[in-house]
Amino acid sequence: MIQPAINKFINLSMDLLKFNKNYLNEVGKLYMDVFNSDPWNEKWTITSSMKRVEYFSPSINKYGLGYLIKDKGKGKVIGFIGGVFYYYDQFTIFTIEEMFINNNLQNKGIGNQLLIEFEKILTKMKVNKIELKTLKKSYVEKFYKNRGYITNKNNRIYLAKDIKMAVVA
Ligand SMILES: CC(C)(COP(=O)(O)OP(=O)(O)OC[C@H]1O[C@@H](n2cnc3c(N)ncnc32)[C@H](O)[C@@H]1OP(=O)(O)O)[C@@H](O)C(=O)NCCC(=O)NCCS
């Protein structure tokens, strides 16, 4: 259980629970609400957002892992963190693919607690490093940098290519 006393401003009684497909609908809805808002302003539907978070259910993807925070009083999911394990020759990297807190409860210390608890879980699972991509020059970049995350200094670069739709004659 997450200790509410650590929470900065609000006094919620919260549980930290492992994500599974029973939470798909609720976490998918929360994901859609958060990422369709600032600073992301994306265009998720309930179908696409459920497909996205499904990835972190161990029953769907054995390399995926997700944890959610539930407000015990209201019985509602208010936050989520999830990602994927990458196994290399001598070490294991976990990439945080998604982390989000209910729009109305952000900036109250809940994300901070969630990240701390999740890092403890990964440490127990012998993960050597955590990686993630996020929005440049946003408060989210600051959020992670203030918690020890730094720009990767190894010799890898992040490349991408847009795949254009084939034109059917
Ligand atoms: C990023 C996020 C998970 C952080 O969780 P949170 O509960 O809001 O964070 P906390 O209350 O623990 O705040 C921690 C820090 O973030 C800053 N912060 C949080 N929300 C903020 C906001 N809306 N505007 C500005 N700063 C904010 C706080 O000032 C605080 O700064 P600190 O580093 O000096 O302590 C949450 O804000 C969120 O869901 N954002 C939208 C989705 C998102 O961007 N997810 C990350 C994608 S990788």
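View 1. Strand 4, helix 3 (110-124) and helix 4 (139-145) each contribute at least two residues to the shell around the ligand. Helices (H or I, at least four residues) and strands (E, at least two) are DSSP runs, numbered from the N terminus. The largest contribution to this shell comes from helix 4, with four residues. The model shown is predicted: local features need pLDDT of at least 70, side-chain atom pairs count only at pLDDT 80 or more, and totals for chains, interfaces and linings use all residues. Residues are numbered from 1 along each chain as its sequence is written.

**View 2. Residues around the ligand.** The ligand has 18 residues around it, and those that come nearest are Q106, N107, G111, N112 and N146. A residue is near a molecule or strand if its C-beta atom, placed from the backbone, lies within 6 Å of it. By type, the shell holds nine nonpolar, seven polar and two charged residues. Here Ala, Val, Leu, Ile, Met, Phe, Trp, Tyr, Cys and Pro count as nonpolar, Asp, Glu, Lys and Arg as charged, and the others, Gly among them, as polar.

**View 3. Helix 1 and its packing.** Helix 1 (residues 24-35) has 12 residues and spans 16 Å from its first C-alpha to its last, close to the 16 Å expected at 1.5 Å a residue; the expected span is 1.5 Å times one less than the number of residues. V27, G28, L30, Y31, M32 and V34 of helix 1 are buried. A residue is buried if 20 or more other C-beta atoms lie within 10 Å of its own, exposed if 12 or fewer, and partly exposed in between, with C-beta atoms placed from the backbone. The buried residues of helix 1 pack against helix 2 (46-54), strand 2 (64-71), strand 3 (76-87) and strand 4 (92-101), where contact requires C-beta atoms, placed from the backbone, within 7 Å.

**View 4. The loop residue D38.** D38 sits in the loop between helix 1 and helix 2. D38 counts as exposed because it has 9 C-beta neighbours inside 10 Å. Between the C-alpha atoms of D38 and I163 the separation is 27 Å, and the two residues are 125 apart along the chain.

**View 5. Setting of the close-ups in the whole chain.** Four helices and five strands make up the secondary structure of the protein. Along the sequence, these elements follow the pattern β-α-α-β-β-β-α-β-α. Of the 169 residues in the protein, 20% are buried. Among contacts between residues at least 6 apart in sequence, 54% join residues at least 24 apart.

Terms used
Two residues are in contact if their C-beta atoms, placed from the backbone, lie within 7 Å.
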